[in-house]
Amino acid sequence: MPAPEPDVSPAPGPSFELLPGAAESPVILHVPHSARAVPADVRAGIVLDDAALGRELDHLTDAHTARIAAEAAALCALTPWRFVNRLSRLVVDPERFPDEREEMRAVGMGAVYTRTAHGEVLRTDDVAQQPLLDRYFTPYARAMTLAVADRLAATGRAVVVDVHSYPTARLPYELHGDGPRPPVCLGTDAFHTPAALLDAARDAFAGFGGTGVDSPFAGAYVPLDFYGADVRVAALMVEIRRDTYMGEPGGPAGPGLSALAAALADVVTAAAR
């Protein structure tokens with residue numbers, strides 16, 4: 001089956017969207033990698049042809065995770081907030097550090113990717129990265145910071161639940177992909193992930209064949225203004241192995257999606273208590 005064409009638009013809509021939840025909910029479902037859209041002027045700086053770009057999007061897009069988050073939110077008595085990236089991570093990756101702290105720079109996949117998942121050239125070295133950071137990364141980070149600050153002001157705490165997916169087979173770019181690849185990987189942070197939140201997620205996803213912690217992906221997203229500084233901000237990353245709910249790579253969703261959404265709703269409900 002050929003890869004879908006990349007979504008290239010000369011006049012894209014908003015690059016991200018905050019979808020309101022209940023005023024008293026502390027939970028933000030964060031969906032950073034679900035979109036395939038690449039603005040036309042950004043596409044011009046990517047050297048892949050359309051077929052190769054479509055394949056790259058298949059490999060690196062966390063397909064259908066925005067739908068999983070939306071279905072989960074609809075199932076919750078106390079609706080969580082949702083912060084959804086509407087552009088591909090090939091534009092900028094909002095979850096990377098924007099500087100030398102980012103270990104993925106070693107494989108050309110810092111905040112602005114220069115290499116593909118298989119180590120091929122995505123952008124040439126002379127493509128200016130700072131304009132992309134200024135136009136896309138910085139506004140995204142600022143908006144996510146404000147979203148967390150709003151939950152803190154409204155409820156006294158904030159819980160960021162990152163919704164991701166990952167391929168069944170390791171891709172070459174993965175720096176720590178030699179460990180277990182469970183149906184659901186739970187990424188944690190020593191400062192920001194309470195034991196009760198991790199336990200709730202383990203219980204919620206237990207029926208999918210098991211969960212693992214911090215393998216093959218580790219950590220949890222917290223805006224830098226709060227990172228390592230504000231214990232009122234809790235965070236957990238949910239990485240769902242793609243064969244549990246979709247055809248790989250880049251295929252349609254399957255029957256497992258709704259069950260996973262229901263489990264995610266259980267995590268949100270526990271986090272909001």
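Guide: Ser15, Asn85, Leu87, Ser88, Val92, Pro94, Tyr136 and Tyr140 line the largest cavity. On a 1 Å grid over the protein atoms alone, a cavity is a set of points where a 1.4 Å probe fits but cannot get out, and lining residues have an atom within 4 Å of a point. This cavity holds about 50 Å³ of space. A volume is the space filled by probe spheres set on the points, with grid points joined across faces, edges and corners. The count is one cavity of 30 Å³ or more. Its lining has five nonpolar, three polar and no charged residues. Here Ala, Val, Leu, Ile, Met, Phe, Trp, Tyr, Cys and Pro count as nonpolar, Asp, Glu, Lys and Arg as charged, and the others, Gly among them, as polar.

The model is predicted: local features need pLDDT of at least 70, side-chain atom pairs count only at pLDDT 80 or more, and totals for chains, interfaces and linings use all residues. Residues are numbered from 1 along each chain as its sequence is written, and side-chain values use heavy atoms, with hydrogens and water left out.

Now the open space. A pocket is an open set of points with protein on both sides within 12 Å along at least five of seven lines. The largest pocket has a volume of about 970 Å³. It is lined by 42 residues. Glu95, Arg96, Glu102, Ala218 and Gly219 lie nearest its centre. By class, the lining has 20 nonpolar, eight polar and 14 charged residues. S6 gives the most, with four residues. Helices (H or I, at least four residues) and strands (E, at least two) are DSSP runs, numbered from the N terminus.

Next, the loop between strand S8 (211-213) and S9, where Pro216 lies. A cis peptide bond joins Ser215 and Pro216, with omega about 10°. Asp214 lies in the loop between S8 and S9 too. Its phi is positive, about 60°, although Asp214 is not a glycine. Asp214 is partly exposed, with a relative accessible area of 28%. Buried means under 20%, exposed over 50%, and partly exposed in between (1.4 Å probe, protein chains only).

Pro249 sits in the loop between S9 and helix H6 (256-272).
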